[in-house]
Amino acid sequence: QVQVVESGGGLVQAGGSLRLSCAASGRTLVSYAMAWFRQAPGKEREFVAAISWSGGSTYYADSVKGRFTITRDSGKNTIHLQMNRLKPEDTADYYCAASQWSLKEFDYWGQGTQVTVSS
């Protein structure tokens with residue numbers, strides 16, 4: 001069983017920064033592509049950022065490009081999302097996801113961590 005656990009959410013003022021972390025565990029010697037999604041109240045879940053198995057490739061939603069950075073601890077299924085210049089519209093529950101085979105479809109999901117940006 002694969003477990004995905006997020007941490008690092010909280011309340012921050014607009015213009016501030018937060019760092020989210022996520023670890024996927026449960027299978028040895030398996031590397032996962034991983035990603036962040038978010039869901040704001042009353043809205044559908046949307047893609048935020050993704051990182052490849054090696055960490056060599058990263059992908060971002062246009063809405064966060066230039067403000068958010070996704071990174072990966074070398075050789076580990078642990079990723080981080082550094083969020084700078086936060087806006088009230090970034091307020092959402094942020095979910096981490098992992099996939100053994102695809103950067104587009106994710107099999108394992110965390111419970112989410114809440115990010116609130118006050119104006």
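Biologist: Which strand holds Ser118?
Modeller: This is a predicted model, where local features need pLDDT of at least 70, side-chain atom pairs count only at pLDDT 80 or more, and totals for chains, interfaces and linings use all residues. Residues are numbered from 1 along each chain as its sequence is written, and side-chain values use heavy atoms, with hydrogens and water left out. Strands are DSSP runs (E, at least two residues), numbered from the N terminus. Ser118 lies in residues 113-118, strand E11.

Biologist: Which residues does Ser118 touch, not counting those up to four places away in sequence?
Modeller: Contact means heavy atoms within 4.5 Å. By that test, the partners of Ser118 are Leu11, Val12, Gln13 and Ala14.

Biologist: Why is Ser118 classed as partly exposed?
Modeller: Buried means under 20% relative accessible area, exposed over 50%, and partly exposed in between (1.4 Å probe, protein chains only). Ser118 is therefore partly exposed, because its relative accessible area is 28%.

Biologist: Which residue in E8 is the bridge partner of Thr69?
Modeller: E7 pairs with E8 (residues 78-83) in the antiparallel sense, over five bridges. In E8, Thr69 has as its partner Gln82.

Biologist: How many salt bridges does a search of the whole structure find?
Modeller: A salt bridge is a side-chain nitrogen of Lys or Arg within 4 Å of a carboxyl oxygen of Asp or Glu. One of them joins Asp62 and Lys65 at 3.2 Å, N to O. The search total is four.

Biologist: How far apart are the closest N and O atoms of Glu46 and Arg38?
Modeller: Glu46 is partly exposed, because its relative accessibility is 35%. Arg38 is buried, because its relative accessible area is 6%. Their salt bridge has its closest N and O atoms at 2.6 Å.

Biologist: Which residues do salt bridges with shared partners join into one network?
Modeller: Arg67 and Asp90 form a salt bridge, with closest N and O atoms 2.7 Å apart. This pair links distant parts of the chain, 23 residues apart: Arg67 in the loop between E6 (58-60) and E7, Asp90 in the loop between E8 and E9 (92-99). Both Arg67 and Asp90 are buried. The network joins Arg38, Glu46, Arg67 and Asp90.

Notes. Pairing = 2+ DSSP bridges. Helix = DSSP H or I, 4+ residues; strand = E, 2+ residues; numbered from the N terminus.
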